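Have the structure open as you read.

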Amino acid sequence: MIYLDYAAATPVSRKVLAAMEPYFTDEFFNPSAAYLPAKKVAAEYEVAKGVIAHAIGAKSNDLVITGGATEANNLAFTALGAEPYPCHEGAAPGILYLETEHDSVRAVAEKYGGEAIKVLPNGVIDLADLKAKITDETRLISVSLANNELGTIQPLAEIGALVKNVRIGRLKRGIKTPIYLHSDASQALNLLDINVARLGVDMLTLNAAKIYGPKGVGALYVSHDVKLTPISVGGGQEQGLRSGTENVPGVIGFATAIHETKEHLNGNRKKYANYKRILLSELKDYELVNKKHSLDNFVVLCYNGIDAERLIYLLEERGVYVATGAACAASKGKKSHVLAAIGLTDSQIAGSLRLTLGETNDEEQVHEAAKIINQVVQDEKRRTKNE
Amino acid sequence: MSSQTVFVGMSGGVDSSVSALLLKEQGYKVIGVYMKNWSRDLPGMKCPWAEDLADAKRVAVKLGVDFEVWDFEEAYRDKVVEYMLAEFKKGNTPNPDIMCNQEIKFKLFYEKAMERGADFIATGHYARVLDGQLARAIDENKDQTYFLYRISEEALAHTIFPIGEMTKPEVKKLAEKKGLHNAYKKESMGVCFVGEVGMKDFLKEYIDIQPGEIREIESEKVLGYHEGAVFYTIGQRHGLYLSGVAGETNDGMPYYVVKKNLEKNIVYVSKNLNNENIWTKELVLKDVLLRTNLKKEILVRLRHRAPLIPAKFDGKKLIFESEIKRPASGQSAVLYDGEICLGGGIIV
C-alpha cells in the first residue's frame, strides 16, 4: 500500500497509542471524582493540555478541548453571541470568511449570513478584498492557516496585524463593536511552527487527527478577550465551555502527537519537500495546481481531460490511495469549491488529484507512486482515445 | 465491424454490475449510466446515492467502460414521488418501483440512450424477453416482471436483460470470480430511493400526522390510536398502537387492518381472519395494460415474489377459483400465461 492521503487522515503513531493505552484501562478514573487516583488523572490531563497549549505559545487555560476540529470551528462562531445569533433582517451579520474554507467553517458562516472573502488565483487571500469588506459591523473573520485541498498557507500574521489596526481605529472613534480573528490550523499543525501571538489570532482550531493523534479530538484556543457561549451544557468542564467528562486518553494522545510533531518539524519539512520534488520531476503530462505558498506535503495535480475519479479507482487497484477535488462520493457529487475559487475550469477540476505525503512514505514509495500514476494516466488516455 | 452500443443502467448493486460485465464480455460497446433519481437526505435518513454512484463507477472503471451520471431527479419527483404521495393521500398503497420503471428507466433513460445512438439499453432486472415478449426470469425467487409489466413495447424491443437466465447465487458468484467489489453488497431495503427507511417514515416527511382512532370492526370499540389513516395499509398487522384492552385481546392473535375510513380518519382492525374485508374472490382492476392477447385461463401475481394464482380475467375483473386475501388498493395485479407476462392493472 502506498498511502498518499495524509490530509484526510493520519494513522495514530505507535508512541501515541502507547501513551493513551493506560488511560483506557488502569487510569480510567473520572477526573472530577474526589479520590486521589482520580485527582492524579485530573492532574495528568491538565499537564497534557499544557503541552498542547505550549506547542502554540498558549496556556492550558486558553484551550477548550472539543470532539474534533468541526466542533471547535462551530464553537468559535459562538463568539458572536448566544444561539440563535440575532440575524434579523437587514442586520449586517458581521462575518467574513475565506471562500476556500473547509465546510466546517463555511457551513456555519453561511448559516449566519457571512460574506466570503476572495482568494487570488494562487489560492492566497485577496487582502484588498478583505480590507474592502471590513466595516464597523465586522465582528468575526475566519481564515484557515493552510487550506485542506491545496495546502495553501495564508498570511495570517499580516491579517492579524490588519485586524489589530481595525481594533485600534474603532477604539479611537469610540466604537465598541469587537472584532475577532479565527483560524482553522488543522491542516497546518504538523508542518508549520505555530504561535498564536505571532499570528495575531484570537481563536485557533487544532485537530489531533491530522497529526498522528486520535480522531474525534480537537481544541479551540481562545484568547482572554473572547467570550464564547457553550454549545453543550452540563457538568461545566473546560472552563464551562464544553461540558462532558474529559476525554483523558484522547487528550494524552493529542499531547503526545503534538510534542512529536514539534520535535520533527524541520526534518519532516525537508523530507516532504524532497518527495515533492521527486514526484514533480517523475510524473508526466500534468499541470501543477498548487505552485506556491503551499505546505510541503501537498501536491495537487491536474490532468486536464481525464476523469480523476476514474484514476482513483484504477490507483486503488494498484494499492495507491489518493484524493480528488472532482465530484465523487466523498463530496456528495459536488465539485470542489476550492478549485473553482482559484479559477479552474470544470474540466480541470474533474481532472485534479490531491497527493498528500506523510510519515509512512519513503523515497522508494514516492518513485513507485510516480511510476504507477504515470501508467494509469497513460492507460486511461489510451482507453478514451480508442473509443 | 463496429460493435453495437448498449447503455446499461448501473445502480451500484451486483445485478446491474454483472449485467454490464456480461455485455462487455459479449463484445458490446458498453456505456454505464447511473440514474440519479433521488439525492435528498431526510432528517435521520441518509440517502445512499453517493455511495451507490461510487460503487457503480468503480465497477465501470474496472470493466474499462465509459460511465456517466444522468440526472432524472426532477422527473422522478414529479412522476414517481408526487404520484406516490397523491395515491397514499387517497388511501391507496401505490408501488413506486412500477412507476419508476414505466416513467424513468424505460422511458426517459431509454429515450435519452436512443438519442445518444444506443442500439439497446440494459438493466440488472431479473426478467427475460422471449420472442419479443416480456417473460419471467429463470430464477423464480428473483423474478422482477411484477415491476416491469407497464413498460412500453418500444422500449422492451430495445432492451436486454443480461441476467434473466441466471440465478442470484450465480450472479454473485460470477461477480466474485471477476473481482467486483460489490459481489456481496447488501441489497437495499425499505423505500428504494431513500435507503434503509420504511415507507411510513418517508411519508411522515410529507404528510402531517393526524391522530385518529383504531377500532375493532366487529365491536366498533376503540382499541388504540394511530398517526393518520393514510399511513396504514389493508392487511397490515405491525405498527398498530393498541392499548388498554389487555386480557381481552391478549390471546396471542394479531390484529389486522381490514378497513380505513379516510374521511373520519378511523382505522378498523380485526382478529377474525375470516373477516369479509380480508377475503375476496374478485378483484376489479383499473389502468389495465395488456401486452398481448388475453387468454381465458391466466396466472396472477398480486405482490412481488408472491405465488402465481390461477384466475379468469374479462379485461376488467379478475375472478379467482377460491378466495384470496384482498391486496391493498393501488397495488398491481400482474397477469401471466405460463412464462409470458401478459400485462396487468391496478387494484381498485
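Predicted model: local features only at pLDDT ≥ 70, side-chain atom pairs only at ≥ 80, totals over all residues.

Residues are numbered from 1 along each chain as its sequence is written, and chains are lettered from A and ligands numbered from 1 in the order in which they are written.

Domain bounds here come from an automatic or database domain assignment. Chain A gets domain 1 (14-263) and domain 2 (265-381); chain B splits into domain 1 (5-200), domain 2 (208-270) and domain 3 (279-347). Centres are taken over C-alpha atoms, and a contact means C-beta atoms, placed from the backbone, within 7 Å.

| Domain pair | Distance between centres | Residues in contact |
|---|---|---|
| Domains 1 and 2 of chain A | 28 Å | 20 residues of domain 1 with 23 residues of domain 2 |
| Domains 1 and 2 of chain B | 37 Å | five residues of domain 1 with six residues of domain 2 |

On the domain 1 side of the chain A pair, the touching residues are nine nonpolar, seven polar and four charged. Nonpolar covers Ala, Val, Leu, Ile, Met, Phe, Trp, Tyr, Cys and Pro, charged covers Asp, Glu, Lys and Arg, and the others, Gly among them, are polar.

Now the helices (DSSP runs of H or I, at least four residues, numbered from the N terminus). In chain A, the axes of H2 (residues 36-55) and H8 (residues 248-263) come within 9 Å and cross at roughly 35°. Those axes are lines fitted to C-alpha atoms over the stretch in contact, with angles from 0 to 180 degrees between N-to-C directions. Residues making the contact include Tyr45(A) and Ile52(A) of H2(A), and Phe254(A) and His259(A) of H8(A). By class, this contact has 12 nonpolar, one polar and two charged residues.

Methods
Contact = placed C-beta atoms within 7 Å. Helix = DSSP H or I, 4+ residues; strand = E, 2+ residues; numbered from the N terminus.
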